[in-house]
Amino acid sequence: MRDIAVFSGTAHPELAAEICAHLDVPLHPVRVSRFANDCLEVQLQANCRERDVFLIQPLVPPVQEHLVELLLMIDAARGASAGRITVVLPHYAYARSDKKDAPRISIGGRLVADLLTSAGAHRVLAMTLHSPQVHGFFSVPVDHLHALRELAAHFTGRDLSNTVVVSPDLGNAKEAAAFARMLGTPVAAGAKQRFSDDRVQISAIIGDVADRDVIVLDDEIAKGSTVIELMSHLRERKVRSIRLACTHGLFSSGALKRLSEQDGVLEVVCTNTVPIPEEKRVPKLEVLSVAPALAEAMRRIHNGESVSALFG
């Protein structure tokens with residue numbers, strides 16, 4: 001491919017390298033340094049002039065550090081006369097701050113979208129945003145991918161005759177229903193109320209899960225409080241087995257170990273939108289790659305082809 005330049009920040013260089021391998025293009029180096037006053041400086045170490053520049057950076061911990069790094073990368077590309085700048089956001093952490101559900105709180109999802117645009121981004125390629133309205137926070141074109149195909153391919157081929165897909169809440173029920181259609185299974189959902197970032201209550205499960213094999217589908221798992229609360233209700237319904245699936249496996253505060261040790265959990269499946277260090281991994285964890293999907297979307301964006309056709 002000609003006239004394309006791909007750069008990665010420090011958040012997830014392994015994913016960026018895998019994407020470039022699928023595109024058969026080099027991953028150009030980026031120099032990130034720090035001034036004596038702790039401010040970051042970024043230098044893109046390849047020509048950007050009039051080129052189609054892709055900047056790959058999921059917003060993962062430390063989120064603020066990686067966000068500023070990304071903003072500086074965008075600014076550097078704009079200052080280097082890039083023809084077009086596409087931000088590739090495998091994980092948009094601020095998407096969870098998507099509504100004003102308490103007095104005097106910020107809506108970070110919209111603010112950070114404005115920052116990316118102000119820095120010079122011409123378009124965004126994102127993967128599984130937390131809620132549909134986040135797409136509308138951006139004033140530049142957004143190509144919104146999901147990982148349902150990759151997750152479904154993992155379970156296809158197994159005996160799913162007694163399986164039901166369960167969404168932890170009604171907000172994710174639409175995605176769970178689409179996933180269930182891919183697998184040819186029924187769908188159920190939890191009725192959830194959130195009191196704080198790590199305290200939730202599920203009052204009921206809507207749908208038939210008794211004596212079923214369950215696949216719990218969520219967009220991301222961080223501390224795992226929602227999933228653990230859901231699983232206690234599933235065990236009360238005497239489900240036969242539980243498998244957990246999500247796009248973004250953040251697994252903070254020892255969540256992965258806690259989840260894998262829960263009664264009835266056979267498997268935890270996620271994608272590589274965020275890096276999972278070796279010391280966090282457990283035998284029940286399966287990590288699927290979204291690099292082929294992101295690479296194909298980038299190729300289509302570069303060539304002016306339809307990205308929505310990927311979901312046909």
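Trainee: Which hand does the crossing of helix 1 and helix 8 have?

Mentor: In this predicted model, helix 1 and helix 8 cross in a right-handed way.

Trainee: And at what angle do those two helices pack?

Mentor: Helix 1, which covers residues 13-23, packs against helix 8, residues 291-303, at an angle of about 55°, and their axes are 8 Å apart. With that angle, helix 1 counts as oblique to helix 8.

Trainee: Which residues meet there?

Mentor: From helix 1 the contact takes in Leu15, Glu18, Ile19, His22 and Leu23, and these meet Ala291, Pro292, Leu294, Ala295, Met298 and Arg299 of helix 8. By residue class, the contact of helix 1 with helix 8 is made up of eight nonpolar residues, one polar residue and two charged ones.

Trainee: Let me pick out Leu23: is it buried or exposed?

Mentor: Leu23, which sits in helix 1, has a relative accessibility of 7%, so it counts as buried.

Trainee: How far apart are Leu23 and Glu296, in sequence and in space?

Mentor: Along the sequence, Leu23 and Glu296 are separated by 273 residues, while in space their C-alpha atoms are 7.7 Å apart.

Trainee: Changing topic, how many aromatic pairs does the structure hold?

Mentor: There are two aromatic pairs in the structure. One of them joins Tyr92 and Phe138 in a tilted arrangement, with 5.6 Å from centre to centre and 50° between the planes.

Trainee: Why does that pair tie together separate parts?

Mentor: Tyr92 belongs to the loop between strand 6 (84-89) and helix 3 (108-119), whereas Phe138 belongs to the loop between strand 7 (123-127) and strand 8 (142-145), so the pair ties together parts that are 46 residues apart in sequence.

Trainee: Are Tyr92 and Phe138 buried or exposed?

Mentor: Tyr92 is buried, at a relative accessible area of 3%, and Phe138 is buried as well, at 9%.

Trainee: What about Phe155 and Phe179, how is that pair arranged?

Mentor: Phe155 and Phe179 make an edge-to-face pair, in which the centres are 6.3 Å apart and the planes stand at 80° to one another. This pair links distant parts of the chain, since Phe155 is in helix 4 (residues 148-155) and Phe179 is in helix 5 (residues 173-183), 24 residues apart.

Trainee: What is the relative accessible area of Phe155 and of Phe179?

Mentor: For Phe155 the relative accessible area is 0%, so this residue is buried, and Phe179 is likewise buried, with a value of 0%.

Notes. Residues are numbered from 1 along each chain as its sequence is written. This is a predicted model: local features need pLDDT of at least 70, side-chain atom pairs count only at pLDDT 80 or more; totals for chains, interfaces and linings use all residues. Side-chain values use heavy atoms; hydrogens and water are left out. Rings of Phe, Tyr and Trp (its six-membered ring) pair if their centres lie within 6.5 Å; planes under 30 degrees apart count as stacked, over 60 as edge-to-face and the rest as tilted. Helices (H or I, at least four residues) and strands (E, at least two) are DSSP runs, numbered from the N terminus. Buried means under 20% relative accessible area, exposed over 50%, partly exposed in between (1.4 Å probe, protein chains only). Axes are lines fitted to C-alpha atoms, for helices over the stretch in contact, and angles run from 0 to 180 degrees between N-to-C directions. Angles under 35 degrees count as roughly parallel, over 145 as roughly antiparallel, 65 to 115 as roughly perpendicular and the rest as oblique. A crossing is left-handed if the near helix is turned anticlockwise from the far one by less than a right angle, and right-handed if clockwise. Contact means heavy atoms within 4.5 Å. Ala, Val, Leu, Ile, Met, Phe, Trp, Tyr, Cys and Pro count as nonpolar, Asp, Glu, Lys and Arg as charged, and the others, Gly among them, as polar.
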